[in-house]
Amino acid sequence: MKKILTTLFAVMGIYAASHAQSKNEFGIGGGVSGSSIYVSDQKDYTPAKTGFNLYIADEQYFSDRWGIKFKLIYDQKGWMENTITSYSQSPFTFPNSYYNVKFYLNYITVPVMANWHFGRTRNWYLNFGPYIGFLTSATYDINKSMDLKSAYNSTDAGLALGIGVKIPLSKGTKFFIEYDGQGGGSNIVKNGSAGNNARSSFNVGFDF
């Protein structure tokens, strides 16, 4: 966590120092996401829960190939668990049915990523870097009015990456399609071993 935060602030310092000398591009986007948690004890991911994300972005170009990209994201995360509700009357006591319990964890996430533009027209891009997320709410679908936020860590940090393509529409306006992924590096629960956040999404939007 400390290393990720140190990297984040260092990159922000470089951004501030170079802001006046670089080309700027602003973007808005969003899309459908699938989120789960990686449970280290089981060495596996929980079933995924569907959500969405919305964001604004700002990129500072250092050349036609490289830039640094900041995002401010409303991020719906969480996961789904299979809980047994009843058993058959067989001697083997196989489960008769399951109920899918969904956990909803919503964050404001701030990734800071190096953005590499490639291809003949530089319209393809690949980005990667650290992120920090701030928990805004935590509930589950059995009782959505029950606030579970106090049981979870208020921040989440990890690595973000993405790949996408921009399609020019007019001078100064581009439509983009991208895949975006995040992998948490810290346990989301204060006193327990629930696991680390994992989220991927397919996004569309516009750059100006």
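# A tour of the predicted model

Select Phe26, Ile28, Ile56, Leu72, Ile167, Leu169, Ile177, Val204, Phe206 and Phe208: together they make a nonpolar surface patch of about 850 Å². Colour strands β1 (23-39), β7 (155-170) and β9 (196-207) next; each gives two or more residues to the patch. Keep in mind that this is a predicted model.

Now pick one member of the patch, Ile56. Isoleucine 56 sits in strand β3, residues 49-61. Is it buried or exposed? Isoleucine 56 counts as partly exposed, because its relative accessibility is 41%.

Stay on β3 and move to glutamine 60. The contrast is clear: glutamine 60 has 0% relative accessibility, so it counts as buried. Show its side chain. Glutamine 60 makes a polar contact there with the side chain of aspartate 58, at 3.1 Å.

Next, go inside. In soluble globular proteins, nonpolar side chains tend to be buried together. The largest nonpolar core here has 14 residues. Select Trp79, Phe103, Leu105, Leu148, Tyr152 and Ile188, which have the most contacts inside that core. Strands β1, β5 (95-118) and β6 (124-140) each supply at least two of the core residues. Which strand gives the most? β5 does, with four residues.

Zoom in on isoleucine 188. Leaving aside residues up to four places away in sequence, isoleucine 188 touches Ile37, Trp79, Leu105, Tyr107, Tyr152, Asn153, Ala194, Gly195 and Asn197. Apart from this core lies another, of five residues, including Tyr55, Ala57, Ile73 and Tyr125.

Finish with the charges. Side chains of opposite charge can pair when their charged atoms come close. The whole structure holds eight salt bridges.

- Lysine 71 and glutamate 178: their closest N and O atoms are 3.0 Å apart. The pair links strand β4 (residues 66-87) to strand β8 (residues 173-184), across 107 residues of chain.
- Lysine 77 is in β4 and aspartate 156 in β7, 79 residues apart. Both of these residues are buried too.
- Aspartate 180 and arginine 199: the N to O distance is 2.8 Å. Aspartate 180 is in β8 and arginine 199 in β9, so the pair ties together parts 19 residues apart in sequence. Aspartate 180 and arginine 199 are buried.

Definitions and conventions:
Residues are numbered from 1 along each chain as its sequence is written. This is a predicted model: local features need pLDDT of at least 70, side-chain atom pairs count only at pLDDT 80 or more; totals for chains, interfaces and linings use all residues. Side-chain values use heavy atoms; hydrogens and water are left out. Patches are made of residues with over 30% relative accessible area and no salt bridge: like charges are joined within 9 Å, nonpolar side chains (Val, Leu, Ile, Met, Phe, Trp, Tyr) within 5 Å. Accessible areas come from the Shrake-Rupley method with a 1.4 Å probe; for residues, only the protein chains shown count as cover. A salt bridge is a side-chain nitrogen of Lys or Arg within 4 Å of a carboxyl oxygen of Asp or Glu. Buried means under 20% relative accessible area, exposed over 50%, partly exposed in between (1.4 Å probe, protein chains only). A nonpolar core is a set of buried Ala, Val, Leu, Ile, Met, Phe, Trp, Tyr and Cys residues joined through side-chain atoms within 4.5 Å. Contact means heavy atoms within 4.5 Å. A polar contact is a pair of N or O atoms within 3.5 Å; within protein, one must be able to donate a hydrogen and the other to accept it, and residues adjacent in sequence count only if both atoms are side-chain atoms.
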